[in-house]
Amino acid sequence: GCNGNGAAAAAGVVPEIKFTKLFINGEFVDAVSGKTFETRDPRTGAVLAHVAEADKADVDLGVKAARDAFDHGKWPRMSGYERGRLLSKFADLVDQHTEELAALDGADAGKLLLVGKVIDVPSATQMLRYYAGAADKIHGEVLRVSGKYQGYSLREPVGVAGVIIPWNFPTMMFFLKVSPALAAGCTVVVKPAEQTPLSALYYAHLAKLAGVPDGVINVVPGFGHTAGAAITSHMDVDTVAFTGSTEVGRLIMESAARSNLKPVSLELGGKSPLIIFDDADVDMAVNLSRLAIFFNKGEICAAGSRVYVQEGIYDEFVKKAVEAAQNWKVGDPFDVTTNMGPQVDKEQFEKVLKYIEHGKSEGATLLTGGKPAAAKGYYIEPTIFVDVTVSGFHKHTAIRKNASHQRMLTWVCQEDMKIAQEEIFGPVMALMKFKYVAHPRMSQTICILSF
Ligand code: ADP
């Protein structure tokens, strides 16, 4: 079952925290306002560190440093090979600090230490090395126009890139966005999420050690509506890369459009379905669906939060899924036997519990979980709901043509319940049963119907 005691027992491990100031132009500095904010340990709710709080004035300084480094510095002017070499060194240094970095994310985000060591940090350096290798392979094309005319294209770095990242994968998100920007010769201003600012500051330090010039990477921890908004609306930021909620994605696109029409790349939320058919290997399907929703505490934009199971295997699937959820051990993320740590912060913890209440009050059946898993900290039990209702399908069918011009009936899911519609971002599985029925008027079409 869920193990709250384990959580309390091992919650003492707190890594040493070395960097808590803003990183601007190669130096760790206080915020202009002198303000700090607290980042907390979700295992206990205790303050982990006071971190310098960037606001508009600090973002201005970060952007100015990045602008100068781009307009006048050597980073975009050195050869791609040379940039790649420095980025490879950066990757080596990150690898050498894997344990410490995984522990920082573990304490800051409640992520599993072991997973950090074998997945988050190694994938981050893999990305960094991929782009380090790409740095000297960026080329354009020669285009035949007409007659004796030719055109050519040249790929150039866009300039200063604003990077705004979420808290669920602080390390991978940092490198997913920063690595290609640096490889291309851009300079960056990174705002980590206010819940998890620590590892990004450490990465800035390691980049400097590797020889990445001052001003190329700037890190400005702070809140979204202040520091984040100052980046997206900045006239001297040339592009923004964002991962986070759909709501904030809309704000970012709007703010980019209102300021200098900077292009943005947005990676937003989801409510991903798993569809499990009668001929599936039930044990394997149960295992994979458990991983899909409970891995990283369900704090994944692609979490398998809706699970549709065909009627023939439904009862067996439900029984095994409940057992599997009860065997998914909740506890201290530093304990190697733990499967799932605490939600990232109090706000998310309360938000997930509220969704669970919605599920119950809207009439879904709670089969397992549904409560905090420990007396302190932001632990939630792996939760499964069944009888998650779906509104009538007739209203929501649409006839489309597929690639070979066959008529297809697409069933547009319009689930009634909040837990089937909205991204919970927590360990809550909504299970739904479906069967096939032949559509009365369309011989080739099969219709998926929830009932
Ligand atoms: P989540 O719901 O996962 O916390 P958010 O979209 O709120 O996701 O946060 C993702 C990142 O976006 C965080 O770094 C956050 O500070 C930042 N952010 C939030 N609001 C804004 C905003 N108005 N402008 C720019 N960045 C923002």
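The term pLDDT is the predictor's confidence in each residue, on a scale from 0 to 100. This is a predicted model, in which local features need pLDDT of at least 70 and side-chain atom pairs count only at pLDDT 80 or more, while totals for chains, interfaces and linings use all residues. Residues are numbered from 1 along each chain as its sequence is written.

**View 1. The whole protein and its confidence.** The mean pLDDT of the protein is 91, and 88% of its residues reach 70 or more; the model also scores ipTM 0.97 and pTM 0.91. Helices (H or I, at least four residues) and strands (E, at least two) are DSSP runs, numbered from the N terminus, and the protein has 13 helices and 19 strands. A residue is called buried if 20 or more other C-beta atoms lie within 10 Å of its own, exposed if 12 or fewer do, and partly exposed in between, with C-beta atoms placed from the backbone; of the 451 residues of the protein, 45% count as buried. Two residues are in contact if their C-beta atoms, placed from the backbone, lie within 7 Å, and among contacts between residues at least 6 apart in sequence, 73% join residues at least 24 apart.

**View 2. The shell around the ligand.** A residue is near a molecule or strand if its C-beta atom, placed from the backbone, lies within 6 Å of it. Of the 17 residues around the ligand, G224, G228, G244, S245 and V248 come nearest. Helices α8 (224-232) and α9 (246-258) each supply at least two residues of the shell, and α8 gives the most, with 5 residues. When Ala, Val, Leu, Ile, Met, Phe, Trp, Tyr, Cys and Pro count as nonpolar, Asp, Glu, Lys and Arg as charged, and the others, Gly among them, as polar, the shell divides into 9 nonpolar, 6 polar and 2 charged residues.

**View 3. Strand β10 and its partners.** Two strands pair if DSSP finds at least two bridges between them. Strand β10 (residues 239-243) is mostly covered, as 4 of its 5 residues are buried. Strand β7 (residues 160-164) pairs with β10 in the parallel sense over 4 bridges, and G162 stands opposite V240 in β10. Strands β10 and β11 also run parallel, joined by 4 bridges, with F242 opposite L266 in β11.

**View 4. An annotated position in strand β11.** The unreviewed UniProt entry places the feature "active site" at E267; UniProt positions are given in the numbering used here, feature names are shortened, and annotations may be inferred rather than shown by experiment. In the model, E267 lies in strand β11 (residues 264-267), and E267 counts as partly exposed because it has 16 C-beta neighbours inside 10 Å.

**View 5. The hairpin of β5 and β6.** Strand β5 (residues 142-146) and strand β6 (residues 149-152) run antiparallel and are joined by 4 bridges, and the bridge partner of R144 is Q150 in β6. The two strands form a hairpin with 2 residues between them, and G147 in the turn has a positive phi of about 55 degrees.
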